[in-house]
Amino acid sequence: MAIQSSYGHFIHGEYAAPASGRYLDSINPSDQSIVTKIAEGNAEDVEAAVASAKGAQQAWAAMRPLERGGLLITLGRLLKENIDEFARAESAEMGMPLDFAHMAMTGAANYYEYYGGLAPSLHGDNIQVGPGQHSYTVYEPYGVVGLITPWNGPLNQSARGAAPALAVGNAVLHKPSEFTSITALMLAELAIEAGIPPGILNVVTGTGAGVGNHLVEHPDIHKVSFTGSLRTGQMIGHAAADKVMAVTLELGGKSPDIVFEDADLEAALPGVMFGFIGNTGQICLAGSRILVQRSIYDKFSNMLADAVNNFPVGLDKSAPSLGPIANEAQFDKVLGYFDVAQEDGAKLLAGGERATGGELDKGFYVRPTVYGDVNNAMRIAREEIFGPVGVLIPFDTEEEAIAIANDSEYGLAAGIWTRDLSRAHRVAGQIESGQIYVNYYLESSVEHPLGGYKKSGIGREKGIVALKQYCELKNISIKL
Ligand code: NAD
């Protein structure tokens with residue numbers, strides 16, 4: 001599956017030229033070369049894709065779950081067999097180092113295998129209301145589900161939504177980010193090879209304004225799963241309210257990673273560092289607010305600054321290394337936050353500038369960055385930067401750490417580093433976040449539910465819980 005020079009949409013089992021006849025350039029962020037051209041979709045393309053999905057969905061839903069799930073497992077296995085091609089494509093479009101891209105592709109394949117295996121496990125309840133009535137519930141698919149994904153983890157995030165939606169019998173219309181569409185198209189092709197019927201996984205590419213909003217507003221789309229920025233999530237939430245449509249919103253974060261004085265600092269160091277520089281910091285779950293107990297603050301901040309300063313930047317380095325920021329707009333945003341940090345009066349401990357020299361000059365590279373003595377009121381402590389930037393905030397007591405951790409409009413994830421198990425449970429119980437890691441940060445999983453408190457989102461993805469997020473629940477009661 002080599003990268004093609006241009007791609008149409010993938011509708012009903014084949015590539016289709018865009019109705020507009022127009023294409024968008026997909027740019028490699030490591031050198032700004034053109035990777036390919038992707039179709040610039042519009043309402044007409046969305047209409048064609050929804051019609052195809054609607055026509056195919058009922059037979060898919062009627063298939064025995066064991067058989068339907070088996071096809072998803074086959075898709076996951078085919079993805080693993082083709083993992084090198086997928087990793088290369090994702091790396092070219094998004095800038096992920098190849099080792100990271102392999103991990104992300106494996107994660108995507110795991111979603112198809114996991115939800116394929118779970119497909120036959122879906123079952124309703126028998127509600128015991130006495131001998132005069134037989135009452136039970138059944139889960140039914142919505143029909144056609146719209147899936148809108150961002151550029152920071154393209155295939156992995158799409159698999160996270162598509163796999164459970166497909167497993168319970170929905171058809172999916174996927175709109176990937178206009179910056180990173182290739183692997184979504186390659187996967188839709190592979191789905192046909194796996195035996196998944198045409199129309200069940202359609203992909204329409206293009207912008208939010210050209211495709212995304214038509215998808216959200218379409219009367220035959222009955223649920224939308226969106227991963228992306230808070231601002232777009234709010235707009236989709238408004239549109240969904242007008243339609244009275246179900247939505248899952250996976251939005252941003254500014255997650256605290258708390259290092260207590262009794263932590264194993266040698267173990268915490270790589271965990272904390274990858275928590276905010278992994279994927280060049282472009283991870284919604286990034287532990288970018290690092291709260292460190294004052295008694296170990298100097299020691300740990302020196303350790304972290306050293307490690308970050310020595311971390312290799314560039315795709316040509318031996319793994320692991322830091323890739324470029326995924327696109328120019330995001331690159332400019334991250335550089336802008338270096339100025340904001342200066343204005344805020346934060347103390348620069350590492351990085352804080354564009355990474356230059358040799359091949360780096362052609363791409364959107366920044367140095368991994370740490371600021372010290374940060375106050376939680378500063379903009380760099382409150383706003384999601386979405387780059388490899390960590391801010392260090394000192395604290396004295398457990399209560400203060402919890403208060404700072406919760407003083408955020410977001411609530412996606414949190415890390416806790418301690419050897420005290422009681423403290424770990426106590427603190428975890430009080431933090432307002434959907435996902436808490438104790439003594440590690442951010443290992444890829446399909447089993448753990450993911451979702452946000454506060455402005456980090458609505459609903460949950462991943463884990464068994466996600467299956468039911470793609471279903472209507474029906475109660476049937478029979479008077480005996
Ligand atoms: P974005 O909101 O700009 O775009 C996300 C997707 O929405 C893209 O496909 C885009 O084309 C589409 N879109 C844009 N406007 C639209 C509209 N009006 N209607 C419908 N669709 C529209 O986000 P981004 O910049 O691509 O991604 C970065 C953001 O995503 C960060 O804030 C990050 O935290 C968040 N994110 C969240 C999670 C999570 O699981 N919580 C995971 C990854 C990224």
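Between domain 1 and domain 2 about 1,900 Å² of area is buried, and carbon and sulfur atoms give 57% of that area; buried area here is the accessible area (1.4 Å probe) that two parts lose on being put together, summed over both. On the domain 1 side, Pro 29, Ser 30 and Trp 151 lose the most area to domain 2, together 25% of what that side buries. The model is predicted, with local features needing pLDDT of at least 70 and side-chain atom pairs counting only at pLDDT 80 or more, while totals for chains, interfaces and linings use all residues. Residues are numbered from 1 along each chain as its sequence is written, and side-chain values use heavy atoms, without hydrogens and water.

**Domains and their interface**
- Domain 1 covers 6–251 + 457–479 and domain 2 covers 256–445, with bounds that come from an automatic or database domain assignment.
- The C-alpha centres of domain 1 and domain 2 are 31 Å apart.
- Contact (heavy atoms within 4.5 Å) joins 20 residues of domain 1 with 26 residues of domain 2.
- Between domain 1 and domain 2 there are 0 salt bridges, a salt bridge being a side-chain nitrogen of Lys or Arg within 4 Å of a carboxyl oxygen of Asp or Glu.

**Enclosed space**
- The structure has 3 cavities of 30 Å³ or more, where a cavity is a set of points on a 1 Å grid over the protein atoms alone at which a 1.4 Å probe fits but cannot get out.
- The largest cavity holds about 80 Å³ of space, a volume being the space filled by probe spheres set on the points.

How values were computed:
1 Å grid on protein atoms, 1.4 Å probe; cavity = no way out; pocket = protein on both sides within 12 Å on 5 of 7 lines; lining within 4 Å.
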